[in-house]
Every structure is written in C-alpha cells, then in structure tokens.
Amino acid sequence: MQSIHIRKSGEDKGMKTTDEQQFIQEYNRAYGKAIGAERKKRKLSLEKLSSGIMSRTMLEKVEKGTAQWTKIEGDTLMLRMGIPPEYFESLASGEDLERWRKREDICLLVPERLEEAAAAIGDYRRKYKKREPLEEQFLLKAEGILMLERQRTAGREGQRAILDIAVQAVKCTIPDSWEQNLGLFCLSPGELDAVLLVSAALFENGRKEKAWQLWQAVWDYPGQHGWRERAAAMILPQAAVLGIRMAAALAGQPGGRDTAMGSMASRGREAGASKKGQETLELLRRNGCHCYVLPLLDCLCECDASLFAGPEYLEQVKEFRKMFLDIYAWFSYPGYRIWQGISVDNTRDAGMTLKMLRKFDGKSRKKAVYDGDEPVISPRQLERIEKGLHKPSYENYDRLAKQYGKLGGWNMPLLETDSLEVLEQRQLISTLMEYGEWDLAKWEIQKFRNAVNPALPKVKQELLFFDAILKQKKGGDLLECLEMLLEALRCTVPDFEGKDMKWWVYQREEIMIASNIGSFYRRLGKLEEAKKWFEAVLFSIDENSFRTGIYHYGFSVAFECYDNYLGDICCLDNTVKMNEHMILKLLLLFRINSIQSLFYHIAWNAYEIAEKKPEEYASFRPVWEKAFRISKSMADFMFDSSMKAFLSKRESRYLS
C-alpha cells in the first residue's frame, strides 16, 4: 500500500526492542492514575467519589489499574469530577455496548413517542434483570419524563407519582441527605438530571419554592465544583430550559404580575432565567454541542424581547432555531430527545478489536490464542469473545493483543500522560486546527511541546501530525509532508506493508492521520494509492461501529476526504446520500463540530451533479440551496470564522 519507504522503528534492533520502546505505557493504569490524581487534587475521599456506584475497594483497584469496570462506571467517575471522558479511548465488552445501544434507543423515543418508549423501557428491564444503579437511575428518569408528558390528564394523583419516581431515581446513587446540601456530594451530569426531574415534579405538585431551591443547586453545581465546559454542557442546557419554563409559569399565575411586588419578583426571576438560557446557548456554541439545543432555543424564542441585550440577539436565536428545525426535519431526527450522559464515540468493542487485529495479522483463531508458547484461552472462547458473547479479563485481553503491537487495558489516554491539563491542551490544538486558526495553533503546539515527552510514541505521533499539517498549510512540499504523516502513523501501527489495513483498529488520531495520508496521495495525483487508504479507514470504521451504530470520533473527516476523492474522479452519483448518512450519524453525538462542512459537501455535490445532468437540475436545486443555507448558519453557530469566510465567497454561486 505504501510507495514511499520510511525506515521501520527498531528494525535494526529487533521487534522485542520496538515493543519495549513503543508500547511500554500501561494505559489502563494511566487512566486510573488520572482519576486518582484528580481525586486527590480535589481532596475527595475514595468513599465520596465512589459512593452509590462502586465500593471504596473497587475504586482503589481502578486507580491502581487492576480492576475491570464497565463503561458507564468509568465515565461516571470522571464526570463526577467534571471531566469529559473524551480525553480517553476505551474498550468495552459486547454486552456493555449492547446495553448502551438499547438505552440510546430509549433516548431517541423519549419524550415524543410515549408508547414506544414505554415498551422499550419494559424490554430493557425484562432482558437485563441484573442492572447497575446507574442503569436503574436512567430507566426511572425516562419513566418520570414520560409521566410528566402524560400529566395533563393524570390529575393530582399522577403528579404525586411523578415525584415519587423522581426521588426514587435520585436515591439509586445519591445518599438520603442530598436535599439538605447537594454540593456536598460527587455527582455526574446524569445524576444531576435526576435531581432536575425532582425539581420539575415538585413544581408540578405546587411546592414551587422548594423546586426553585433545588433547581438553583443544580445550576450552581458545575461552577462550584470546577467542571470543564464540555462536562457542564451535559447538564446546564436542560437546567436552563426548566428554569425558563418555571419562571414563565409563575409569571402567568394569579399574583405573578398582578401586584407591584409580584411583578418585580416575577420579572427578576424571568430575567435571571433568560440570562442563564443565553449563557447556556453560548456554552453549546463554544463547544460545538447540540445537547437539548432545540428545547433551549424554543424557550429563548418565547422570552420577552426586552430580556435580551438587544433585538439582534433574539433574531439570531430565531435563525438558529429555524436551522435546527430544518436539520432535524430533513433527517427525521428527534430534536426533543433525551441524552444518556455518557458517550461511546471513543469506545471500541473488545471482542471486535481482537477479531480485527487477528485478521490484520493474518492469524487463525487457533494460532491467535497463544501468548508465546502458552495458550491464553481456547479458540472456542476467543470466538465467543469476538462475537461479544463473553467478556475477556484485563490480563487475557492484554496477552491476546500484545502479539499485534496494540497494548493497553480498557481505558487509554489519547497521549502517554496522566496530566488532564496536557490532554485538555491537546484538545484545544485540535479545535484550533479544525477551525483554521493556524497561528494560534502553532503557538499552542509550542507550549504543548514543552509540556510533554516527545520520545513517547503517541506524543511523537501527535507532534509529527501537527507539524505535517502546519507545514502543508504554509505551502510546504507535499511529498515531505506525506513522509511525515507516514512516520507518524508508524509510531503506533506496526509494519503494515503486505497487510490488509482495513482490519487495523484505527484509534482517534490514527483515523485523522490515515485520512490525511489518503488526501496527500490524492493531491499528488496518486489516486489508486489514495483510494486504498480511504477505503481501508472507512471499512475499519464501519466494522468498529457494527454493534452500536455509532461512528467513532474523526469519522466525518475520513468521509470528507473520501468525498473530495470522489469529486476528483467525477464519481458523484451517491455522494449526496453518503453525506446525508454521515450527518445523521453525527447528530447522534453530543458534539457536531464538522457538520457545517458536511452540509457544504452536500451543496457542492448536488450542484455538480446538476451541472453534469441538466435533467436533474430542478430536483437538486432545492437540495443545494437548503444545504448551503444550513452550512452558513451552522458556521455562525459554531463561531467558525474560517468557514464563514469560505462560504461568503461562494454564496452567489449557490443562492443566486
């Protein structure tokens, strides 16, 4: 697959030395160390952080990297400290991901499709008799929201039942004394969701001041506990929506504005809730999230115009609302869905990973079960693990994966570090590069370089990738940039000449690097070589997404690069549908950063097809006009100034 030879790392010293140099990092321990370091930094006891989801002893083992935990537990530990788990790549068992998928199906049905949602919840309870506290909490929350939707005909008795189920949901993971001082506990966004449900139920039961106090405690929680913005974005939007709705309901009640005192209090509460709604919208925009964005925009559009800083802000809110309504209608996506509070966009199925690595290495199951001369498990056991029917232990997974040069436990940091600050800085650089802020990115890369060990494989890979992209953007030699990318990929991917790269389990950065390798080959005119890379990456992404239906972080970049290749070879027939498919997958994630580019690709492809097939002009013109308008509005929503400038130069072509 490779026409340019880069000297293999360690080829003069043998593979054993290469393994020791490149894969010595024990990633599961790094994850545990990060949890432990942050816990100690925040002066949290083992008991406080683990309360309600695992024992003190279990958390101690997690921090030592010796325990096997589930995806939902690992994410919740991080999120209880306000840290988004996106800094880590994870492996999960087939059953963990199947449960996640079924919970996601419930999220897409609640609150609009009441009967189907209730049936899905019932199916989940019947299938999984043994459930973690966090799972039960999720199911109770979903049931409580469905009950709220039915409350108009339920009467007072029904309202009492909603409060009971909401309190029950909270108690799944939070001690009984939570109402006295919520801030004393370690809580994740999903747990705070349950508290918000109690607040809503109290309000419906006429206990309005208590509802407001509880709501305020939830709103204040992320700020009081020093959460990262992307973790706060998982709870503040639904809090803002509830606050605005409660304020509006109070204003419409007798006494709400009937007296001077009532008017002042009501007005102040409305203004405060509206301000929090605006702050939350800006939070979502800064982080490229659409979690509860449509309900929030609905509420802001219903607020009195005088509550905003100026009339232009309300107009912008209305434009964003129309944009999201158009997007959700186009893709039949439930804009009023609920969210789980965890994500799997950086998670891979342990069984599927072992299967793909085995095929990449060209081994049969009979040969793949050996660790040196000693069998780890039987071929039959490996078959069941690969199908997601059995869960491998830490030790067995590591021993099985070691032969392929892809080591690590169940959670791996994006870099060899237990510093969350370094991981956060790496995310900032990626965002700056994504938005074309090259000068700022260069500045941050230099700071990043001073904070890391450049000899470590993933760090070296990241720096080579950054340098290659920056060099290319400054007009550097494409062939030299390509060589840098190939060297970067080899930092974590063993010798791939003669192997079928479609079976490699591409991790987050590897997806980005391999996609850019394909793009550089395309720009060099080596279209067959480009095709091999694109098809290998896309096949791998599809295989990794088989169980959940969720594509992994970076997939949209791979498809954008492939779309450009299809344009070069004038193969446009299915490109609009392909980009629509990608947008639908992206909408299932919290963050939708690259969606503006995907809509532009739809506009470009539809326009080009109509140019080549005039008989289809009438059917494709509405497509490219709508897609272009959405792309332009979304670039504004995302503060993507580079994309806005790009689109402004092309507006006359698509909207004439």
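**Ground rules.** I worked from a predicted model, where local features need pLDDT of at least 70, side-chain atom pairs count only at pLDDT 80 or more, and totals for chains, interfaces and linings use all residues. Residues are numbered from 1 along each chain as its sequence is written, and side-chain values use heavy atoms, with hydrogens and water left out.

I looked up the second largest pocket and found a volume of about 1,200 Å³. (A pocket is an open set of points on a 1 Å grid over the protein atoms alone, where a 1.4 Å probe fits, with protein on both sides within 12 Å along at least five of seven lines; lining residues have an atom within 4 Å of a point. The volume is the space filled by probe spheres set on the points, which are joined across faces, edges and corners.) Of its 38 lining residues, I noted L148, E149, V241, L242 and R245 as the closest to the centre. Elements giving two or more residues to the lining include α8 (133-150) and α10 (189-204). I saw that α13 gives the largest share, nine residues. (Helices, H or I of at least four residues, and strands, E of at least two, are DSSP runs numbered from the N terminus.) I sorted the lining into 24 nonpolar, three polar and eleven charged residues, with Gly counted as polar.

**Sheet.** Next I checked an open sheet of three strands, order β2-β1-β5, with mixed pairing. (Strands pair if DSSP finds at least two bridges between them.) β2 (347-349) and β5 (411-413) each have a single partner strand, so one side of each lacks a neighbour in the sheet. I found β1 (residues 88-92) antiparallel to β5 over three bridges, with F88 opposite P413.
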